[in-house]
Amino acid sequence: MKFKTEIKYINRCLELARLGKGNVSPNPLVGAVIVYNNKIIGEGYHQQYGKAHAEVNAVNMVISKYPDSYPELMKEATIYVSLEPCSHFGKTPPCADLIIRHQIRRVVIGAPDPFDPVNGKGVQKLKDAGIEVIENFGLQSCSFINRRFFTRVTKQRPYIILKWAQTADSYFAPLDRAQKWISGYDAKVLSHLWRTEEDAVLVGKTTALVDNPQLNVRLWNGRNPVRIVIDKNLELTDELAILDQSQETIVFNSIKTEYKDKIKYLHIEEFDLYLVQMIAYQLYLMDIQSVIVEGGVHVINQFIEADLWDEARIFKSAQLWQEGIKAPSLTGILEETIQIGPDSLLCMLNKKLSH
């Protein structure tokens, strides 16, 4: 029974953590719950990058609700947190110090923080203060929710999501590369939601020319992602939507590095050798924690061939074209298939990430 109760509170931490999607990168998603006598007396989540962490918001709720009795309540309470409390001064003070200061007697932690200034140090600081610490409770789920953050910290690159639509007979585009929609309106709306949740969206030069995409969020409420386009010889013109200066845009090329208002032209050496690896590392240096690769087929295949992807989201329509440019093919773990309007959505994970 106690185990089920503990899981309930960790699951609540995860529910809260998800509320920070699209707002906390490059920080992790974190939720915290403070429990006294089997009752939640405070909870919070990391709401925005640079602002208060989950533990701070949970403690502040307790203080607000119980202004006269919170010191005594804290001493008998347990705080559940989905990720190890930080132990260093960053943009905010250490959460481990906050827990110690309020003498919270017990801490249940979902997953360790792999970031070196924190990793294990938050737990040790709490233990040194005489606080009971339960580690790795709900480890799998608490790690998976922060797969973007973990990937950035441990692999020095963003979390990479491949996304495309294909016909029932596995075609990606017409032979003449003309613009032709494959998936339906519901898939488009969902794609715009995804853009609010990730840091950046990447396409190649051909996609920018043929589809003239805006790569912004119009069918959902949320922030626009950073737009990224690969244009080796700088052949794209200012008339295209992707270069309209309406949002931050990165153009990877082989010619120059130059900043022009909201557009960053970034020169890549050895452009034809390790292009996607160099792009991934450059994005890591720019604190871009996740990127959706939306096309075209050549660009997506480069990421697949380099085994530089973590997740794939594939819309499959009922259309039969009989001919066209073949869709990418990859080997991964099929997590689920979801019906999105008239289309099927195949959600796949790289086998190295399967949970």
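## A buried glutamate

Glu-197 is buried but takes part in no salt bridge. The nearest side chain of opposite charge belongs to Lys-21, at a separation of 4.1 Å. The model described here is a predicted one.

Glu-197 belongs to helix H8, which covers residues 185–197. Apart from neighbours within four places in sequence, Glu-197 is in contact with Lys-21, Gly-22 and Arg-223.

The chain is divided into domain 1, residues 1–152, and domain 2, residues 156–349. A distance of 35 Å separates the C-alpha centres of the two domains. At their meeting place, 11 residues of domain 1 are in contact with 18 residues of domain 2.

The size of an interface is often given as the accessible area lost when the parts come together. Between domain 1 and domain 2 the buried area is about 1300 Å², and carbon and sulfur atoms give 45% of that area. On the side of domain 1, Arg-148, Thr-151 and Arg-152 supply 52% of the area buried against domain 2, which is more than any other three residues.

Arg-152 forms a salt bridge with Asp-287, in which the closest N and O atoms are 2.3 Å apart. Arg-152 is also among the three residues that supply 52% of the area domain 1 buries against domain 2.

## Helix H7

Helix H7 is mostly covered, with 7 of its 9 residues buried. These buried residues are Arg-147, Arg-148, Phe-149, Phe-150, Thr-151, Arg-152 and Val-153.

The buried residues of H7 pack against both strands and helices. The strands are E3 (78–83), E6 (159–166), E13 (290–295) and E14 (311–316), while the helices are H6 (139–144) and H10 (275–285). After H7 comes Gln-156, whose phi is positive, near 50 degrees.

## Lys-125 and Ala-96

Lys-125 is located in helix H5, residues 121–128. Lys-125 has a relative accessible area of 28% and is therefore partly exposed. Not counting residues up to four places away in sequence, Lys-125 touches Ser-87, Ala-96, Asp-97 and Ile-100. With one of these residues, Asp-97, the side chain of Lys-125 makes a polar contact, side chain to side chain, at 3.0 Å. Between Lys-125 and Tyr-9, which are 116 residues apart in sequence, the C-alpha to C-alpha distance is 23 Å.

Ala-96 is placed in helix H4, residues 95–101. Ala-96 counts as buried because its relative accessibility is 0%. Beyond residues up to four places away in sequence, Ala-96 touches Pro-85, Cys-86, Ser-87, Gly-122, Lys-125 and Leu-126. Ala-96 and Glu-84 are 12 residues apart along the chain, and their C-alpha atoms are separated by 8.7 Å.

Technical notes
Residues are numbered from 1 along each chain as its sequence is written. This is a predicted model: local features need pLDDT of at least 70, side-chain atom pairs count only at pLDDT 80 or more; totals for chains, interfaces and linings use all residues. Side-chain values use heavy atoms; hydrogens and water are left out. Helices (H or I, at least four residues) and strands (E, at least two) are DSSP runs, numbered from the N terminus. Buried means under 20% relative accessible area, exposed over 50%, partly exposed in between (1.4 Å probe, protein chains only). Lys and Arg count as positive and Asp and Glu as negative; His and the chain ends are not counted. A salt bridge is a side-chain nitrogen of Lys or Arg within 4 Å of a carboxyl oxygen of Asp or Glu. Contact means heavy atoms within 4.5 Å. Domain bounds come from an automatic or database domain assignment. Buried area is the accessible area (1.4 Å probe) that two parts lose on being put together, summed over both. A polar contact is a pair of N or O atoms within 3.5 Å; within protein, one must be able to donate a hydrogen and the other to accept it, and residues adjacent in sequence count only if both atoms are side-chain atoms.
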